[in-house]
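Biologist: Please give me a close look at a single part of this model. Take it piece by piece, and state the cut-offs as you go.

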Amino acid sequence: MKKDKKDEKILKTDRVLNNVLLVVVLVLLVYILFLSGVIKITTKNVKVESDKVKDSETKVKLDINDSKVQSLYKSVELGRSYAALRHYYFYSEDKVYAEYMDSAFIKEMALSRLTLDNNNSFSASILESGYKNIVGSNSVYKNRSFETICSYVKYDADAGTYTINKNETCDTTNKDGYVYFDKITSAYQYNDRIEINARVGFAEEEQEKISDGVYQSTGNIIIKKDMDSNSLATYTGTLDEIKKKVDYSKLTRYKYTFKLEGTNYYFYSVERIDE
C-alpha cells in the first residue's frame, strides 16, 4: 500500500515536470520564430487610436463674416443680452452646456427668433421647431408655460398653442447704465463642430458722488473684462463709438461650440477661455 502511494507521487511529479518542460520548449520555439521574422507582434492601445483621431481631424479657418458663422452666433444672441429672462446668461458661468440649460431660456431664445405677425397666439409646433433649430433635433423638448422679461407665455395643451400675455407696463430700457458687448474674433470648422471665438467686454457708466448716497454720470464709459473686474480704460462718447476704439485683445475670450448633427450645426456649449 505504501509503495502504491509512493509510485503515484512520483507519477504526479513527472507530469508536472513534463508540463513545465513543454511550456519552456514552446516559449523557446516562439522566441526563435520571432527572431527569424516568421512571427511579428503588433501593438494597439488607446493612445495610438486617440492620436489617429487627432491627426485625421481637419481645421479650417472661417471668415467671421461668413453667413454660417453669423447665423450660428446670432441664433443664441439672447444669451448675451440684458433683455432676457436671466440677463447675461452666458457670462455668468465659466462654462454652459446646452444640455443642462434651463429649457425655458432656450424657449425664450427660440421665441426671440420667431416672426409672429403681431399675433399673440401661435402653434406649439412652431416653437418646438425653433427650439430644435438652436439645440438640435435630438434635444429633449416639452411643452410648458414659461416667462420672458416682459411676458408670460402660456401653453394650452387642448389647443396645442401658446399665448403671449405681455406686461404692458414692463420697461426693457437698461436704466442701470451698464451692458455687455461682444465681437467675433475668429471661427474654425472641424470634422464634427464649428467653434466661434468672441471677445466680451463690460461697459459701465462712470459715476461721481455729488452728495451722500447721490451719484450722477460723468458722461464717460468705463470698460472692464467683466462686471467684477477693475477698469481697463475709460472713454468719452457713445458705446457704438467706443466699441471701435476698444483693444479687444484685452477683453475676456469666450468660445462658442456648435456640434454637427446630420448636415446642420447646433449650439453645444459656451465657455470662458482664460489666457
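**The sheet and the helices on it**

Modeller: Strands E4 and E5 are joined by a hairpin through two residues. Helices (H or I, at least four residues) and strands (E, at least two) are DSSP runs, numbered from the N terminus. This is a predicted model: local features need pLDDT of at least 70, side-chain atom pairs count only at pLDDT 80 or more, and totals for chains, interfaces and linings use all residues. Residues are numbered from 1 along each chain as its sequence is written, and side-chain values use heavy atoms, with hydrogens and water left out.

E4 and E5 run antiparallel and are joined by three bridges. Two strands count as paired if DSSP finds at least two bridges between them. Phe146 stands opposite Val153 in E5. Thr148 faces Ser151 in E5.

Move on to E5 and E6. E5 covers residues 151-156 and pairs with E6 in the antiparallel sense over six bridges. Lys154 has Thr163 of E6 as its bridge partner. Asp156 has Thr161 of E6. These two strands also form a hairpin, with four residues between them. In that turn, Gly160 has a positive phi of about 70 degrees.

E6 has another partner. Strand E3 (residues 121-123) pairs with E6 (residues 161-166) in the antiparallel sense, over three bridges. Here Ser123 is bridged to Thr161 in E6.

Four strands make an open sheet in the order E3-E6-E5-E4, and the pairing is antiparallel. E3 and E4 (146-148) are the edge strands, each pairing on one side only. From one strand to the next, the twist averages 25 degrees.

Now the helices. H4 packs on the sheet and touches E3, E4, E5 and E6. Contact means heavy atoms within 4.5 Å. The direction of H4 makes about 55 degrees with that of E4. Axes are lines fitted to C-alpha atoms, for helices over the stretch in contact, and angles run from 0 to 180 degrees between N-to-C directions. H5 also lies across E3, E4, E5 and E6, running at about 70 degrees to E3.

How do H4 and H5 meet each other? The axes of H4 (residues 103-112) and H5 (residues 124-135) come within 8 Å and cross at roughly 105 degrees. That makes H4 roughly perpendicular to H5. The classes are these: under 35 degrees is roughly parallel, over 145 roughly antiparallel, 65 to 115 roughly perpendicular, and the rest oblique.

From H4, the contact uses Ser103, Ile106, Lys107, Met109, Ala110 and Leu111. From H5, the residues are Leu127, Gly130, Tyr131, Ile134 and Val135. The contact residues divide into eight nonpolar, two polar and one charged. Ala, Val, Leu, Ile, Met, Phe, Trp, Tyr, Cys and Pro count as nonpolar, Asp, Glu, Lys and Arg as charged, and the others, Gly among them, as polar.

Buried means under 20% relative accessible area, exposed over 50%, and partly exposed in between (1.4 Å probe, protein chains only). In H3 (residues 67-75), Val69, Leu72, Tyr73 and Ser75 are buried. They sit on the same side of H3, because they cover an arc of only 160 degrees around the axis. The arc is that of the directions from the helix axis to the C-beta atoms.

Last, the whole protein for context. The protein has six helices and twelve strands. Of its 275 residues, 32% count as buried. Among contacts between residues at least 6 apart in sequence, 52% join residues at least 24 apart.
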